[in-house]
Amino acid sequence: MMQDLLARRIQLTPRPQNDSALPLEVAMLGHCPGRVRPERLLALKDALAAIRQAGFGEVIDQILTNPAIATLYHLPLPLHSASEFHDIFPDAASAPAQYRSSLAGNLAWLAPCVEDFFANGGHRLWVVVIPEEESQQGFFATENTDLTDTSTLRGIATLLAVPSVGSICLPDLERLQIPARLPDIPRVRLDNPEPAFLPCSQSLDDDHRERRNTSEMALDDLPEPIEFQRVLREVLHWLTRYRPDIQCLLTLPLAYASEIDSPDADPEALELLTNMQLSDAAHHLRQVQFFYPYLRGQGRALLSPVGIVSGKQAATARSAGPWRSIAGQPMVSKNLPYPRIKRAGVVSLRERPGISILELRNNRIELDDERLCVPALPADDYRHAASLDRFDGYRSAELMRLMGYLRRQLRQFGEQLVFNSDVNDPRPKLLIEHFLRQLWQRGALRGERSEHAFSLRQIPAGESTLLLEIEIAPALPIDRIRLTFTNSGTDWQTEVRSV
C-alpha cells in the first residue's frame, strides 16, 4: 500500500522481495468492480517484465500509450501481496457486483480470496480480471483461441501462456454458480412480542424474524447457474490438451436439501462425478481438486475456500516441496466452514466421489485430506485393472502437484537444451539425474537407495535427437494404518502396516 510521507513529498510502496523460482505458482480469475488504477501497475517494473515474458507485451504498450482508458481485462497480473492488489483495484472489496444472491451477497469473491491467499503464506499470485458483463462465459476460452496469438486469449486460456502457473482458482465463477434465491438455514420462529409503548430509541430487532425488501424481491430477475457438467468440460478441455501440469481448485456447487432443511452439496454434481469416474475420460478428473464446504463468518456472506487452500499449498510447496500434503495443517481465516458436515458425511464424500473436506478442529480450519476423484496416474496404468483399490493411495492431490512440478521443471530444462547440438554430451543426463536424486533425498521419491527411487536411461533416437526415459517411484501418503496385536500364549506380537 502506498504511503505518503513529509506532506506527500515522498511516496513509498513497500514490496516483498521477489522470488524468481517458486515450485508452485497460483492464478485466480474473478471480478473487480469499481475503480481501476493502471498507473499503479506501471509502477511494478518486475510485474511488467513478467507480463511481457508471458507474451502480453502489446497490451502493456497499449497501457503505456493511454493508461486512462485501460481496463486490465483478460491480462495475467503477477502480484506479491494483497496491498499490491488493493492498490490497483481499490474498490474490489467494497463495490457491489452485478450478480447477487441470498447466500453469497453482492460482493465479488476475488478480493477476499486474494487476501486469504497471502494470509496463508502465498508468495506470488497471478490475477486475471474478468468483465462482469461476460458472466460465466468470460472465464472460459473462446472458439477462436490461438495460443500463438495472445490477443485471442480470454479467461482461463490467458494462463496457458504462463509456463510457471501450476494451480488455478475460479472464486467468482463459483459465486455465479450459487442460485440467487437459494435459501439459508431457516431461522428460529419467535412469537411476536406483546404490544407495548416503548421509547423510540429502543431497538426491537432480534435478528430472527424474516423481512422482505425490494432488493430481495429483485433476485427473481437474475440468471440461473449453468450446468456443472459444462463448467468441467470448459475447464478440462484446455487443461488436459495444453497444460497437463496444472491443477484446478474448485468448490462443489450448492443445492437445497429439504430433508435436512439446509443448503448442501448438489446431488446432481456428485452424481456427475460418480458417472465420470466410470467413463473413458475419467483420468481427466485428476486435474481438478474438489472442495467442500464453503466458508462463512458471523454477519458475513458466503465465501469460497480456494483462497486459504491455495495459499497454504503454495507456502508448503515453497518450504517443504509440492509433494507435501497440507492436510491437518491449520489455515488462517476469519470464517468457518458452512454448511457444517457430520463425520459420516465427511467420510462419505471423501471416499466417493473423492472430495477434500474442510473441517473445524480445535477452533482451527483444517483440510481432512487432499483427495482426488481418480488416481493421479495416466489412464493406461489402471484402466484395465481388476480392482482399483490398490491404486487408492494415488488419489492424492499432492502427488498430482509433484507430477506437475516435474513436467514444468523438465520442460524448462529442455528449453535450455534447444541449442545443444551434441546429443552425445553426457551433461544433460547427469543434470537430470542430479535433480531426481535431490527429490529422492528430500522425500519426494520412495526407495531405500536412489536406484530404487528412479530410473534414467538414454534411448537412441537419431543423430539430432536426445531422448531420455524417466521412471520414478513417488512417495505415497499413508492413508490409514492398521495395528494388529496378537497374543500367542504369553508372547505378544505387533504388526503395523498401511491400508
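Helix α12 (residues 397–416) lies across β8, β9 and β12 (288–292). The helix runs at about 150 degrees to β9. The model is predicted. Its chain averages a pLDDT of 88, and 88% of the residues score at least 70.

The strands under discussion belong to an open sheet of eight strands. The order is β4-β7-β3-β8-β9-β12-β15-β16, and the pairing is mixed. β4 (77–79) and β16 (364–367) are the edge strands. Each of these two pairs on one side only. From one strand to the next, the twist averages 25 degrees. Strands of a sheet pair through backbone hydrogen bonds, in either the parallel or the antiparallel sense. Both senses occur here, as the following pairs show.

Strand β8 (residues 165–169) pairs with strand β9 (residues 247–251) in the parallel sense. Three bridges connect them. S167 stands opposite Q247 of β9. Further along the sheet order, β12 and strand β15 (residues 356–361) also pair in the parallel sense, over two bridges. Here Y292 has I357 of β15 as its bridge partner.

The pairing of β15 with β16 is antiparallel. Four bridges join these two strands. L358 has L367 of β16 as its bridge partner, and L360 stands opposite I365 of β16. β15 and β16 form a hairpin with two residues between them. In the turn, N362 has a positive phi of about 55 degrees.

The peptide bond joining Y292 and P293 is cis, with omega at about 0 degrees. P293 is placed in the loop between β12 and β13 (294–296). A cis peptide bond also runs from Y338 to P339, with omega near -10 degrees. P339 sits in the loop between β14 (336–338) and α11 (343–351). A positive phi is found at S135, about 55 degrees, although S135 is not a glycine. This residue lies in the loop between β7 (125–129) and β8.

Helix packing was examined next. Two packed helices are described by the angle between their axes and the distance between the axes. Helix α5 (residues 110–119) and helix α10 (residues 306–319) pack at an angle of about 30 degrees. Their axes are 7 Å apart. The angle therefore makes α5 roughly parallel to α10. α5 passes α10 in a right-handed crossing. On the α5 side, the contact is made by C113, D116 and F117. On the α10 side, V306, G307, I308, S310, G311 and A314 take part. By class, this contact of α5 with α10 has five nonpolar, three polar and one charged residues.

Helix α8 (residues 228–242) and helix α9 (residues 267–277) cross at roughly 50 degrees. Their axes come within 9 Å. α8 and α9 are therefore oblique to each other. F228, Q229, L232 and L236 of α8 meet A269, L272, L273 and M276 of α9. The contact of α8 with α9 has seven nonpolar residues, one polar residue and no charged residues.

Helix α2 (residues 45–53) and helix α3 (residues 57–65) pack at about 135 degrees, with axes 7 Å apart. That angle makes α2 oblique to α3. By class, four nonpolar, one polar and two charged residues make up the contact of α2 with α3.

One stretch calls for caution. Over residues 213–217, pLDDT stays under 50. For this stretch the model has four contacts beyond four places in sequence. Where pLDDT is low, the predicted coordinates should not be read in detail.

Definitions and conventions:
Residues numbered from 1 in each chain as written. Predicted model: local features only at pLDDT ≥ 70, side-chain atom pairs only at ≥ 80, totals over all residues. Heavy atoms only, no water. Axes fitted to C-alpha atoms, helices over the stretch in contact; angles between N-to-C directions. Parallel < 35°, antiparallel > 145°, perpendicular 65-115°, else oblique. Left-handed = near helix turned anticlockwise from the far one by under 90°. Contact = heavy atoms within 4.5 Å. Nonpolar A, V, L, I, M, F, W, Y, C, P; charged D, E, K, R; others polar. Pairing = 2+ DSSP bridges. pLDDT = per-residue confidence, 0-100.
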